[in-house]
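Here is a set of questions and answers for a student who would like to see how the terms used for a protein model follow from its values. Each answer sets a value beside its cut-off and then draws the conclusion.

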Amino acid sequence: MNRISLAQLLTENVPDIDGKNLWIWGTGDTSRLYQEGLNRTSLMDKISGYCDSNEAKWGSRFYGKPVIPPSKLSEYPNVCVLVCSLQPKVNREILTELKAMHIEGYLIDEIILKTYHTEVLQCFDLLYDEESKRIFTELVKSRLLGKNPDRSIISDNTYFIWRHLASRDVMGGDFIDCGAYTGDTFEKYIWYVDGIFHEIISIEPDPENYQAMEKRKKRLCEEWNLQDSSIKLINAGVGEKTTVGWFTRSNNGLGTKFSEHDHEGSQQQVFALDDLITKPYTFLKADIESFEYKMLLGAKNGIQQWKPHLAVCIYHNSIDLYSIALLLHSIVPEYKIAIRHHLNTLAETVLYAWIEEE
């Protein structure tokens with residue numbers, strides 16, 4: 001599929017949601033991930049509230065808006081429901097249920113990607129290589145249709161696949177690992193560079209993951225004969241500003257819920273990278289549950305000054321899929337930008353950016 005075909009796919013059969021009473025179906029982890037992206041769009045102002053099949057959530061508020069049972073949707077005039085799930089089976093079931101209720105419904109990704117088709121195509125145009133454009137197009141198509149992508153776009157070696165990351169200047173320097181989980185990525189990094197690097201700064205907000213990461217660090221320092229000071233661990237989140245957020249653990253530390261607005265869970269420190277790191281770094285990785293956009297804003301000065309190689313996850317919501325590339329281009333226009341996809345679901349899409357060596 002070329003650019004013309006992609007443009008046609010994005011601009012044909014566009015749902016008319018003007019004047020509609022919009023509700024989002026879903027208040028789980030996926031909706032939380034989408035909230036960060038939606039807050040950067042005009043769509044958020046048009047959302048009346050949320051509906052959910054979970055009775056325990058009825059009557060509560062989600063990001064300041066009411067949560068109602070699906071049976072109450074028909075009580076609202078001109079209602080239209082946006083289904084927020086990344087699971088194809090769930091999407092089909094909910095759309096079928098809405099049809100049986102004679103309620104208009106669409107996948108939220110279809111509304112987002114078609115509403116912002118101009119920006120989606122701008123992202124396509126920024127991509128460095130044809131493989132990136134093929135992968136991006138397949139992902140857009142899959143999200144529009146609510147299905148998993150074709151397996152032909154899957155690549156191995158997440159974060160360390162791109163050949164431009166392989167130079168010693170990059171791989172032997174300072175590695176910033178945002179959303180470090182239990183340290184699995186910085187362990188791969190150590191193996192990838194044969195233990196030759198200057199410093200690793202590993203940032204993780206989950207206290208239990210952080211404890212596991214401490215154990216991993218101790219083991220790696222012993223196995224590789226590394227100085228303890230060469231791996232710095234920080235129990236915090238990252239964002240646009242240095243502030244305090246609220247952290248809730250979910251799924252055994254996978255898919256951590258983190259918010260700067262909902263006062264749920266425990267308080268946790270959040271750092272802007274420009275405040276936290278004041279020396280050059282060569283490689284920045286981020287998988288931080290839809291906070292990647294804010295992280296980049298909070299790292300803008302360092303990125304402009306030092307132009308590190310980047311590996312940034314863009315799969316947590318469909319707004320990030322196109323908007324993060326546009327943001328990076330505005331921060332450092334000379335960045336080469338590529339994407340690779342590393343799983344047979346809609347998760348694990350990573351944007352890679354670097355400065356072309358002369």
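Predicted model: local features only at pLDDT ≥ 70, side-chain atom pairs only at ≥ 80, totals over all residues.

**Helices, salt bridges and sheets**

Q: How do you know which residues of helix 4 and helix 13 meet?
A: Contact means heavy atoms within 4.5 Å, and by that rule Asp109, Ile112 and Leu113 in helix 4 meet Ser318, Ile319 and Tyr322 in helix 13. Sorted by class, the residues of this contact divide into 4 nonpolar, 1 polar and 1 charged.

Q: What makes up the contact of helix 1 with helix 6?
A: On the side of helix 1 there are Leu6, Leu9 and Leu10, and these meet Phe136, Thr137, Val140, Lys141 and Leu144 in helix 6. By class, the contact has 6 nonpolar, 1 polar and 1 charged residues.

Q: How do you know that Asp125 forms a salt bridge with Arg3?
A: A salt bridge needs a side-chain nitrogen of Lys or Arg within 4 Å of a carboxyl oxygen of Asp or Glu, and for Asp125 and Arg3 the closest N and O atoms are 2.7 Å apart. Asp125 lies in helix 5 (residues 117-126) and Arg3 in helix 1, so the pair ties together parts that are 122 residues apart in sequence. The structure holds 18 salt bridges.

Q: What makes strand 3 and strand 6 edge strands of their sheet?
A: The order in this open sheet of 6 strands is 3-4-2-1-5-6, and the pairing is mixed. Strand 3 (61-62) and strand 6 (104-107) each have a single partner strand, so one side of each is left without a neighbour in the sheet.

Q: How do you know that strand 2 and strand 4 pair?
A: Two strands pair if there are at least two bridges between them, and strand 2 (residues 47-51) and strand 4 (residues 65-68) are joined in the parallel sense over 2 bridges. Within this sheet, Tyr50 stands opposite Val67 in strand 4.

Q: Why are strand 9 and strand 16 called edge strands?
A: In an open sheet of 7 strands with mixed pairing, the order is 9-8-7-14-15-17-16. Strand 9 (231-234) and strand 16 (336-341) each pair on one side only, as the edge strands do.

Q: What joins strand 7 to strand 8, and how do these strands run?
A: Strand 7 (residues 174-178) and strand 8 (residues 199-203) run parallel and are joined by 5 bridges, where at least two are needed for pairing. The bridge partner of Cys178 is Ile203 in strand 8.

Note on methods
Residues numbered from 1 in each chain as written. Heavy atoms only, no water. Helix = DSSP H or I, 4+ residues; strand = E, 2+ residues; numbered from the N terminus. Nonpolar A, V, L, I, M, F, W, Y, C, P; charged D, E, K, R; others polar.
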